[in-house]
Amino acid sequence: MAAVCLQVCVSCEGLCSESAAGGEVPAGRRLYESLLTATAEIPDINVAPVDCFAVCDRPVTLAFRAAGGDPERWSYLIGDADPERDLADILAAARAVADSPHGVPAIEDRPPFFRKGVIARVPPLPRL
Ligand code: FES
């Protein structure tokens, strides 16, 4: 399995909504911290914070980035993830992305939040 990095917007429903003013932990930050805990024993899934993906109307937004491979792999930007409801499905999607030779999981391997939440599928950089 290739390594996958989950980049999670830690500002979603925080800086861009009124929830932060009430002192609540933003949903994106909660998802990031839950994923850190859930992946602590999974060496091939890494989690990294992002301040904002500039799609603030689709909280929580996260990117699935599969590293390496030949050819290089596609990346997905997914919105509308729920930190509580979707945690297990996010991990399943990360495995599906990692298991795909191009970073493009089969339709049947995409959990509902992934199917509904696609904002963009980004190709790997061309060889320069
Ligand atoms: S606040 Fe999450 S994408 Fe902007």
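Reader: Leaving aside its neighbours within four places in sequence, which residues is Phe-113 in contact with?

Author: Contact means heavy atoms within 4.5 Å, and by that test Phe-113 is in contact with Phe-64, Ile-78, Gly-79, Ala-81, Asp-86, Asp-89, Ile-90 and Ala-93, its neighbours within four places in sequence being left aside. Please keep in mind that this is a predicted model, in which local features need pLDDT of at least 70 and side-chain atom pairs count only at pLDDT 80 or more, while totals for chains, interfaces and linings use all residues. Residues are numbered from 1 along each chain as its sequence is written, and side-chain values use heavy atoms, with hydrogens and water left out.

Reader: Why is Phe-113 called buried?

Author: Buried means under 20% relative accessible area, exposed means over 50%, and partly exposed lies in between, with a 1.4 Å probe and protein chains only. Phe-113 has a relative accessible area of 5%, so the residue counts as buried. Phe-64, at 0% relative accessibility, is therefore buried as well.

Reader: What makes Phe-64 and Phe-113 a tilted pair?

Author: Rings of Phe, Tyr and Trp (its six-membered ring) pair if their centres lie within 6.5 Å, and planes under 30 degrees apart count as stacked, over 60 as edge-to-face and the rest as tilted. Four aromatic pairs are counted by this rule. For Phe-64 and Phe-113 the distance is 6.4 Å centre to centre and the angle between the planes is 35°, which gives a tilted aromatic pair. Because Phe-64 lies in strand E3 (residues 62-66) and Phe-113 in helix H3 (residues 112-117), this pair ties together parts that are 49 residues apart in sequence.

Reader: Why is the pair of Phe-64 and Phe-114 called edge-to-face?

Author: The ring centres of Phe-64 and Phe-114 are 5.3 Å apart and their planes stand at 75°, so the pair is edge-to-face. With Phe-64 in strand E3 and Phe-114 in helix H3, the pair ties together parts that are 50 residues apart in sequence. Phe-114 is buried, as Phe-64 is, and ring pairs link Phe-64, Tyr-76, Phe-113 and Phe-114 into a cluster.

Reader: What makes a set of residues a nonpolar core, and which members touch the most others in the largest one?

Author: A nonpolar core is a set of buried Ala, Val, Leu, Ile, Met, Phe, Trp, Tyr and Cys residues joined through side-chain atoms within 4.5 Å. The largest has 28 residues, of which Leu-6, Val-8, Leu-35, Phe-64, Ile-90, Phe-113 and Phe-114 touch the most other members. Helix H2 gives the most to this core, with six residues.

Reader: Why is Thr-39 called buried, and where is its place?

Author: The place of Thr-39 is in the loop between H1 and E2. Its relative accessible area is 6%, so Thr-39 is buried. Not counting residues up to four places away in sequence, Thr-39 touches Ile-45, Val-47 and Leu-91.

Reader: What makes the elements of the protein chain helices or strands, and how many of each are there?

Author: Helices (H or I, at least four residues) and strands (E, at least two) are DSSP runs, numbered from the N terminus. The protein chain has three helices and five strands, running β-α-β-β-β-α-α-β from the N terminus on.
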